[in-house]
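Have the coordinates open and try each task before reading its solution.

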Amino acid sequence: TRSLTITSGDQSMFEKAQGEKVTLPCTFELSEEDEGPLDIEWVLIPADNQKREQIIIMYAVDRIYNHYYAALTGRMQFTNLDPKSGDGSLDILNLKAADTGTYQCKVKKAPGVQSKKIQLTVLVKPARTKCSIEGSQEIGKDVTLKCVSQEGSPLLSYDWRRVSGAHELPATSVLNKNTGELLLKNASREYSGTYSCVASNRVGTDECSVELNVTPPVNTAGIIAGAIIGTLLGLSVLCSLIFCCCKKHREKKYEKEVHHDIREDVPPPKSRSSTARSYIGSNRSSLGSMSPSNMEGYTKTPYSQVPSEDFERAPPQNPAFAPSKVAAPNLSRMGAVPVMIPAQSKDGSIV
């Protein structure tokens, strides 16, 4: 008995790049015996057999239903707007890596039923490829050029080429296409130039470049010696500043102490009592030789009045010469009042 048949060919695997469009074919032919309603379904078969199939789009009773699978909403449609004409192919727009999977087309028209599975792989092109240099760029050293793509589906392949100068890679170079590393052994000045790396997979390529500049070795001994000398000079300047600050601080401290210090080698001032006694004794010796006529100008004064400390003592009298009349001391200059003291003569009379 003749029944419906799927005629879309034998291709069952498709590889596309992310962002592109893919058409999954599903054409069919109906037979005269198929009298039931036409039903076309596209389902996504999960990788885990424990999970159920997910309907993504369906045509039934002359209507299209495409709201079953949210991940593809707005990005899928039937290739033919009238699938009952024999074309139930599916278009998926703006492919994403998550769209990778197994899709199945089912065509039903009772009593006939046919299906076909298609494997879709969405690949990501290499992108954001970066080139770098590892190692010292000195003559005689080994230098490694690295190339890595931040995006891209495996398997990625890397290839290096020289852009400037001789386009061939140096004879000592070793290339690893899987890791993107180019090892340049025993580098020389001739190795200097621009190098370019091309990252590729089955759906696209990406490129980056780097500049290599091989130079003579650096005089590390001179650099170390200069650094040591500079450090010593800096330390010496720092020590000088600290010494000057300490010296200035000591000088200020010494000046402050001397300003407030009391000298211990200066004798204490004379007391008023000793000054008074010396003053009274001097007056007695002087009044002893005065006559009554010279004593008239004196008035009695209490002994409590003591001259000031700046009183100067009168010089001692010469015992060989006793004047009958001695001038009274200048008591006004001393700030004191003269004292009159009676004296007795040899014959017992008071003078």
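**Exercise 1.** How far apart are the sulfur atoms of Cys26 and Cys105? Then describe the link and its surroundings.

*Solution.* Keep in mind that this is a predicted model.
- Step 1: the two sulfurs lie 1.9 Å apart. The cut-off for a disulfide is 2.5 Å, and Cys26 and Cys105 do form one.
- Step 2: the torsion about their S-S bond is about -65 degrees, so this disulfide is left-handed.
- Step 3: Cys26 sits in the loop between strands E3 and E4, Cys105 in strand E10, and 79 residues separate them.
- Step 4: buried means under 20% relative accessible area. Cys26, at 0%, is buried, and Cys105, at 1%, is buried too.

**Exercise 2.** Which handedness does the link of Cys131 and Cys208 have?

*Solution.* 
- Step 1: a disulfide joins Cys131 to Cys208, with an S to S distance of 1.8 Å.
- Step 2: the angle about the S-S bond is 75 degrees, making the link right-handed.
- Step 3: it connects strand E12 with strand E18, the cysteines being 77 residues apart.

**Exercise 3.** Which parts of the chain does the pair Cys147 and Cys197 tie together?

*Solution.* 
- Step 1: the sulfurs of Cys147 and Cys197 are 2.1 Å apart, and the two form a disulfide.
- Step 2: Cys147 belongs to strand E13 and Cys197 to strand E17, so the pair ties together parts 50 residues apart in sequence.

Conventions. Residues numbered from 1 in each chain as written. Predicted model: local features only at pLDDT ≥ 70, side-chain atom pairs only at ≥ 80, totals over all residues. Heavy atoms only, no water. Helix = DSSP H or I, 4+ residues; strand = E, 2+ residues; numbered from the N terminus. Buried < 20%, exposed > 50% of the residue type's maximum accessible area, 1.4 Å probe, protein only.
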